[in-house]
Amino acid sequence: APRFALGFEKLPQLVAAGRSLTEPAVQQLYRNYAVAMDTLLRPSRLGLAAETNLIRAAAPPALYAAVRQVANDAAADVRAHDPNVRLYVSLQVEIAWGLLSGGPLSYVGVAQDLADFPFAQEFGLSSYPYLGGFAEPEDVPADYYARVHDQVGRNVLMVEGGWASTSVGPVVSSPQKQARWIRREADLLSRARAVGWYQLTFADLALSAFPPQPPGSILPLFATLGLVDTTLAPKPALAPWDSAFAEPKH
């Protein structure tokens, strides 16, 4: 079933214009946009904020407060027009496990997100374990996603993430390692009783098509998450992906 996710807090055009989601006028634009997208696209699910725990950890408090406010307001606006669409926000799994702060593997949870986004009927998962310090797919704990599911007490679905198929900076990877991750992730999502699994980038990103990146750009870290390469030739990860979706659904 189709889903749609909104992420105004990340729009580079907004930053370039010197505007911010903290402004009431920009918040109203977001609310109008959410209603318009639901009305025009009629998705089965609508995401109203992305990686809320990461935003809270990395952004100024005023911006996180704006994200919380506008997501709740947009949820009320959408619900007034559409009683059926399932509303969600997404959570960053590495943050939930305390990994991107440089600490050891220890589940810190998502209690604040549960309190701040009470409208969420489901929670999306965002997960890039190779950026959280895992060297091998098999190192990721068996309850990596299930702990989030058990805490939120609602359905979860994978909305973005993956494992790079090339080595970039400190990340050491390969197409075969990426394929192993797809097999591992299928098991982790099954343990979490996930109701959806979306591949954000089906094809690798052709970096030559992007504007020149400044030194230290993170774009290369996400460029080879695709199941096919930039010419649409299948990568080893495509076979376990297809296999996962060929299994009987219960």
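These legends go with close-up views of a predicted model.

**View A. Tyr144 and Tyr145, a tilted ring pair.** A search through the whole structure turns up 13 aromatic pairs. In this one, tyrosine 144 and tyrosine 145 sit 5.6 Å centre to centre, with 40° between the planes. Both tyrosine 144 and tyrosine 145 are buried.

**View B. Trp163 meets Trp181.** Here the ring centres of tryptophan 163 and tryptophan 181 are 5.5 Å apart and the planes make an angle of 40°, so this pair counts as tilted. Tryptophan 163 comes from the loop between β5 (155–161) and α8 (175–191), while tryptophan 181 lies in helix α8, so the pair links distant parts of the chain, 18 residues apart.

**View C. Strand β4, covered on both faces.** All six of the six residues in β4 (residues 122–127) are buried. Glu122, Gly124 and Ser126 are on one side, with Phe123, Leu125 and Ser127 on the other. In a regular strand, side chains alternate between the two faces of the sheet.

**View D. β4 and its partners β3 and β5.** Strand β3 (residues 86–92) pairs with β4 in the parallel sense over five bridges, and valine 89 has phenylalanine 123 as its bridge partner in β4. β4 and β5 are parallel as well, paired over six bridges; serine 126 has its bridge partner, glutamate 160, in β5. From β4 the chain crosses through helix α7 (residues 146–152) to β5, and this β-α-β crossover is right-handed.

Notes: Residues numbered from 1 in each chain as written. Predicted model: local features only at pLDDT ≥ 70, side-chain atom pairs only at ≥ 80, totals over all residues. Heavy atoms only, no water. Phe/Tyr/Trp six-rings, centres within 6.5 Å; stacked < 30°, edge-to-face > 60°. Buried < 20%, exposed > 50% of the residue type's maximum accessible area, 1.4 Å probe, protein only. Helix = DSSP H or I, 4+ residues; strand = E, 2+ residues; numbered from the N terminus. Pairing = 2+ DSSP bridges. Right-handed = clockwise from strand over helix to strand, strands pointing away.
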